[in-house]
Amino acid sequence: MAALPRFVFPPRHSAAADPESGSDTSTLSKDRPQIHLQTPTREEEGFSLSVPGQRHSPPEPLRTSSTPPDSPTRQRSYTMGSSGPPLLHDSGAVTPPPTPTGTTHSKSHSASSIASSLSSLRRGDSTSSTRARSRRDTIDESEKPGSTQPRKFPYWLSEYEIEVDEKGKKTCLGSGLWSDVYLAKPCLPNPVDQVPSIAAPGAEMTPPITPVHSRASSLSKEKLPQVPPAYAIKVSASRSAKQVLGEESRILSHIVRFPDAEQYVVSFYGQDTRTEALVLKAMDGTLEGWVQKELNALPEPARVNRLAEVFPVIAAHLLDGLAWIQDKGCTHADIKPSNILVSAPSSFPSPSTSASPAPHTVYSDFSSALLPSLPSPSPSSCKPKTPLGGGTWDFLDPTLLSKSAAPISPSPETDLWSLAITLLSLVLGASPFDCAGANQYRRREFIKQGVPLSYAAYGDDGARNLNRMAALSRGIGLDVQKWFAGVLSREVGRRVGLAEWRAELERAEEKEGVRV
């Protein structure tokens, strides 16, 4: 067996103080081998191990600092709103931008704008919240009374779904010459639908500053849309009808912003920009349907008593509503029982003290309405000519049907005539021109003559109509036939005005002790 090589100790170094123990190595015996217990931290000479002829280099020390990456070859994106990318030297080191020596601003370079921004920040506002508040102020301005901005339905906050029957057919509330109305129920908005952007194109997008304290939601309870139990969605029946609905939307947007609008006009929530449909409040029915289902279904004695209870309230409220509409400069031009909506008496306070109060009534269907003070959206826009009365002649003022050199337009006086015929139909339970039967040409000739009270007493139902007017006269203490004759006169100069007609009804009710 070969003999192992003889162990050779490393050469002895110069005497040095051991940093760990603090003792001096020079005091040790010269024959005692020197053993290093520490890992060398600096580059030293080569040393040999027990294997002869082998030399090894000391290990490379570990690097404690990293080398910065090479400079990019192209400009990278940097923080929005900064003046430029960070400065780069040839060595790859990043140098911070120099401290500005003067006041600057990213847009106006004005000291006043900076002072305004700092003032807002001291109050805890960020620049983004300030811009959002200015946008809300713009929206609030459009909802002030007298605004001519069309109201848009906020489908991103409150959505609706048109109801269908078991066969998948839409529930239709009514149909007209220009549109169809469908019943819809409120529902949650679609997450895909986003609020339309109102920011100007190319506007600078700066991230908001962290708020210094919690703030309430930007949408207060007052700004959230009102959600009714059900919607009435008015959809155009043809392509040309879309322009009619657009004009109706502009008129409704103008008048419903005034105080007490919901007392006299159907609630309007805006036009759906996706379909151009009008979103309205669904009511319980129309005055025409209420007369047929509620009033005429009663036995004659019960009908007489019920009519005496509700007629003063309904007539006074519709007269007040017409005065309110005319005060806003609007002419309805299509007043009739089917365009007057009714709701349950509990929805609105009623002055009637009876056990069965009168239903609440509001005006609807402003597709034929006129509002001269409302500016036109564009000089070239022209609303399609709508038929007089929406195609229903029974309630038209005969002056609109006369053949004259100068055509007569609907006016507050013609609206009052239409309302008088509507109230007369409420008393009679039908149109005063029903004596003409199914002959439409004969009916139109009766209407042109302008004597509806005479035709109410004519025909098979003439005696019944006279008895109903006489019974109502005894019930409310007012000569009803004479009261109607004050407006339903062929000679325009002999007609009384709205205020005088309303005052006559009020005086009669004061004698009976009924507040109207």
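## Contacts along the chain

Among contacts in the chain (heavy atoms within 4.5 Å) between residues at least 6 apart in sequence, 69% join residues at least 24 apart. The model behind this figure is predicted: local features need pLDDT of at least 70, side-chain atom pairs count only at pLDDT 80 or more, and totals for chains, interfaces and linings use all residues. Residues are numbered from 1 along each chain as its sequence is written, and side-chain values use heavy atoms, leaving out hydrogens and water.

## Overall make-up

You will find 12 helices and 11 strands in the chain. Both are DSSP runs numbered from the N terminus, with helices being H or I of at least four residues and strands being E of at least two.

Of the chain's 516 residues, 34% count as buried; that term means under 20% relative accessible area, with exposed meaning over 50% and partly exposed in between (1.4 Å probe, protein chains only). The chain exposes about 32300 Å², and carbon and sulfur atoms supply 54% of that area. Accessible areas come from the Shrake-Rupley method with a 1.4 Å probe, and for residues only the protein chains shown count as cover.

## Helices H6 and H7

Now to a helix pair. The axes of H6 (residues 300-327) and H7 (residues 412-428) come within 10 Å and cross at roughly 165 degrees. H6 is therefore roughly antiparallel to H7, a label for angles over 145 degrees. Axes here are lines fitted to C-alpha atoms, for helices over the stretch in contact, and angles run from 0 to 180 degrees between N-to-C directions.

On the H6 side, the contact is made by residues including Arg303, Phe311, Leu318 and Gln326, and on the H7 side by residues including Pro412, Asp415, Leu423 and Leu428. The contact residues of the two helices divide into 14 nonpolar, one polar and two charged. In this scheme Ala, Val, Leu, Ile, Met, Phe, Trp, Tyr, Cys and Pro are nonpolar, Asp, Glu, Lys and Arg are charged, and the others, Gly among them, are polar.

## Two residues to look at

Ala499 lies in helix H12 (residues 498-512) and is exposed, with a relative accessible area of 59%. Ala499 and Asp320 are 179 residues apart in sequence, yet their C-alpha atoms are 9.1 Å apart in space.

Cys172 belongs to strand S4 (residues 172-175) and counts as partly exposed at 41% relative accessibility. Leaving aside neighbours within four places in sequence, Cys172 is in contact with Val181 and Tyr182. Between the C-alpha atoms of Cys172 and Ile162, 10 residues apart along the chain, the separation is 9.6 Å.

Key:
Parallel < 35°, antiparallel > 145°, perpendicular 65-115°, else oblique.
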